[in-house]
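The following paragraphs lead through one chain of the structure shown here, and then turn to a place where two chains meet.

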Amino acid sequence: MSNRGIWVHPELDNGDLVYYCTDTVMHRAPGWPPVKSRETIGRGPMQGGFAMKRRLTVDPADAVPIWRQIEEGLRRLVASGALARGVPVPSVRELARDLRINPATVAKAYQRLTEAGVLAVRRGEGTFVAADAPALASGERRRTLREGAERYASLALTLGAAKQEALGAVTTAWDGLGEKGGRS
Amino acid sequence: MRGFTAVLSRELGLRKAIWAAALVAGLLPFLLAALPGMTYGYAEVRDASALAIAVGAGELLALVLGATVLGRELAERRLSFDFARPIGGLAIWAGRMGAVLILSLGSALVILLPATLAGGGLVTLLTGATARPEIPWYWPPPSPLGMILLYVLNVLFLAALAHVLGALGRSRSPWLLLDAAILVAIGLVVFLAGRGLYRQNAFFGLAAGALGCALLLVTALLAAGAAQVTRGRTDARAGHRALSATLWSLCAVGALGFAGYARWYTHLSPADLADIQFAKVSPGGQWIYVGGGARHRSDLSPDFLYNPTTGASLRLNIQWREELAFSKDGSRAAWVEGRDRREIMTAGLGAAQPLATKTGIEVAGLDWRLALSPSGRRLAVLSDGTLSVYELAGEKLLASARVLNRNGENPPNEVFWKSRMLFPDEGHVALFGVLSPEAKQSPGSVTIRRFDVASRKLETTGEIGGLTGYIFVTPDRTGSRLIVSQVDGGHWTTSLRDGITGALITPLGPDGHAIRAAFLPEGGVVAWGGSKKKSNLWFYGDDGALKATANLGDIGEVVFGSEPAPGELFVGTGPAVKEWYRHLSLVSVECATGSSRLVAAGLAPLSGTWWPSGQVLPTGPAAFLALAPDGSLVRVDPATGRETVLIQGTLKPKESRFSGLSFSGQRF
Amino acid sequence: MSSHDGQKALHFDHVSVRYGKTTAAEAVSFAVPKGSVFALLGRNGAGKSSLIRCLLGQRRPQEGAATIFGEDAWSNRARLMARLGVVPEEPDAPPDMTARQLAAFCSRLYPSWDGKGVETRLRRFAVPGDVPFARLSKGQKGQLALALALGSLPELLVLDDPTLGLDVVARKALFEELVDELAERGTTVLLTSHDLAGVEAMADRVGILKEGRLLVDEPLDDLKARFRRVSFGQSDVTPHGSDAMKALDPLALKQASWGMEAVVSGFSEEAFARFAEAPGASDAEASPLSLEEIFIALCGEEGGRP
């Protein structure tokens, strides 16, 4: 199982986001410097780890409590399919260490997600995305979609982009992420 | 305990280099001893320098480490590391203080080690035995344990002092001014208390007090340091407060305790007399001048004017014991007080509680004689070869004259303590100067001089020459008669002479061989002498005619006391043994018949003629006072012999009474 | 505090600290529940260090008492310190002792000592084991202090501005250690820091001191929920006076070039909606504030009441 550890690359650590790669899921991103030191910071089948962390960021300065940011972020990742059902999520400690937040905050988010049926705890194995994780409620889904679109449209307007140019960028981004389970 | 040992071993561990340095320093004496040009032997130089270096290094280390290990770390708030650990405050302090002591004392031992191993000399040096008995060691010989304890105390003191001074110095707080003020105040209290002891020559009390103060000071310094650490912790201000509060309250307690001790030590009443060594009764008999050893104050011999009837007393800081003059009417006493400036004091004895008054008259030199005129209004002072007469009211010098000897020399070199001065009437002073044959290689003599106050003339009226051995003179109350005795090789010669011309009236005793003689209050003289087996009392009239003889039988020693009633005489009689004065019995003798009876065994009459000649105390309140062997002053019922203790003495039977037991006689 | 004493890791009960006539803390009361990460914030001189010194039993408050696990900190300091880990503001230790000697010294004092953990951390922090304390860098001293503090497996960790003087990498390492400690042992933490972003991510409860008085003592989430920056266009009626604005509990109101801006401490969606619709305010917008902004609003030059 030793090859199932999570390796952290210290040189990639720029202080605000930690990049992980795991032996089983992601060996190396194109253009990354080679891994120099290997230090085990956690164990277990962490297939979900990489994907989740790249998409899950929290902003402690935001008015929204951190635990809610995690909860909503994970819900979104699960709902969007970025985190497949049945894959393990990082342990509380690992995620807290990664985001440099209080583990109790992560635990609170996980607990709420577990209670909501999004995550499931398997005794002795860790926490996983529940096999029957509920999809995003249609209302919330619509609202989230609309908010995201507004933010993007506002950004595009600020940059003076034409509508077509902006839509094109959306398409490109969509295709780039598509492989990871997005519905093309 | 865990904290203490951890801190202790840490502080020791951080200073391992000191041990190495001490070992190197321990080799230094070898180098010193090998230096060329040393006058002393190799071993002596080596051992002495090893001892000096060890003692010095230990003290220096105590100072330096005390200031740094405790003082500096505290001042720089470095103790917060220790205080954030589970270590008690006392352990933090004690661990460091312990390290300072171990390092200081340990280094001293390490420095001594090589020299000790090289030869046994150091061991003997340290244990106080001198290696070479022909070289005198200092006196008293040192007690090794005492010296080591003293050194440990010294090191402890230096370490604690360095800590406290370092901590205070670094605090730079305005409260330091208050600290300084308190220090001055406490210092003043200690100084004044110490001066009080010093002025009364209470050197034992001073030493005991100083030792107590030193112990308390070390305790106070240690406690202050501990309080600063345990109560101030990392707070410099609170630390300073705790330190000052502890230090000064302990010091204040010590200073006040010392002051109280000094007061207790020096403020005495006749009741504190444990051993009356000396007494002199005023002519009226109401007041006695008593002196002796005081209870629990081994080096104080206080003197008092004491009224046995009323219990009133006046402490006298008299300079030369016995030199207190009463006026003939008993209304006044005069004496000399003062250590550096000797001033004549007087006290009126008419009051229930007499007060000592300064006269403003000083005496020069160490020898002087005082005499009060019969009324007590005039004072004659013989000092530094000059006779002066003062009017006490207004302190006016009436007349003075230089006393010259036969060859016209001044001072006349007469034996001061044997000479007598008398103020027989308001206008005249009589001097009886004894020139001892032991002073000059010539026969001794007694020179009789008269000073007329009105004409200021000092005349030599008579001279008795050709005396040998020890010479004693006693005039009577008016100066008209004189008893002169001499003892040469155990052979006594005693005579009654004219008090002005010195002309012989009669030899006392068969062939003038009386041993003791005294004037009787009603006139006449009593003398005692005779062989070991058969001793007699002889009673003479003023004209020298023998009136009665009393056989006392097998009596070794006799002192004349008082007249309990006219015509009756108290004498102290005892065997001729060593310290005979402690084995006297009070015996009453009928003057007319010579019959005697024992009044009380073991008692000596208070005003005994310990001197070879003297005066018998007239009937009066003091006539029934006697001294017990334990140093008590008692009153005796002449009929029953029952004793009432006035002042309880505590002299133990084996203890020797003051060796210079008073030969007071009655002179004024 | 609704929690009873048994649940409190530490408790300040009307603690006042004075230096002569200067008051460092005035009747400060707050408690930190077990398992909580409490951030005590304040500008320099607000009284944090004085309170921490009281808590560590190094200073006796003039009034009130600081208790740890229900015991008075001053009277039971030595015993309590066995259960505490402390990283002081300016880490200090006997200057001639190396990290290794210090660890050995500490290991003798605590009933349980995680020597291996200390070694691991020192290695991870790259603190040399054989260099005297005085010659370590400021960051290394702090890391050594943290390693020693964690070595005793404390129940309560007191971190007095632990990030002071640490560079980005060291600061990250420190927070990671803290996360590990929290995740593994659920240690209670009392933290003071000027790194408000770091505090924001770690603390679950915040106390804010200003001039010796405790302005704020509440869960971080609650604090952030009730603070907003409200901007709006001004019209004839002065909205400042309006009841709707008062309901939002404004701290500071200032004229911005495009209109008015207020920091409010009593934000709620309903109250804001009422304000936005009230006459006098136009184009009202509410934007969230970071802890740093809240802190500045409370303790800045013109900062006001909570």
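In this predicted model, 50% of the 306 residues of chain C count as buried. The C-alpha trace of chain C spans about 75 × 40 × 35 Å along its principal axes, and its secondary structure comes to 11 helices and 14 strands.

The chain is divided into two parts, with domain 1 of chain C taking in residues 5-218 and domain 2 of chain C taking in residues 228-288. Between the C-alpha centres of these two domains there is a separation of 40 Å. The contacts within chain C can also be sorted by how far apart the partners lie in the sequence: when those between residues at least 6 apart are considered, 71% join residues that are at least 24 apart.

From chain C on its own, the description now passes to its contact with chain B, to which chain B contributes 19 residues and chain C contributes 21 residues. On the side of chain B that touches chain C, the elements that give two or more residues are the helices α1 (2-13), α4 (80-83) and α10 (236-266) of chain B. Which of these elements gives the most to that side of chain B? The answer is α1(B), which supplies four residues.

Definitions and conventions: Residues numbered from 1 in each chain as written. Chains lettered and ligands numbered in written order. Predicted model: local features only at pLDDT ≥ 70, side-chain atom pairs only at ≥ 80, totals over all residues. Domains from an automatic or database assignment. Buried ≥ 20, exposed ≤ 12 C-beta atoms within 10 Å, placed from the backbone. Contact = placed C-beta atoms within 7 Å.
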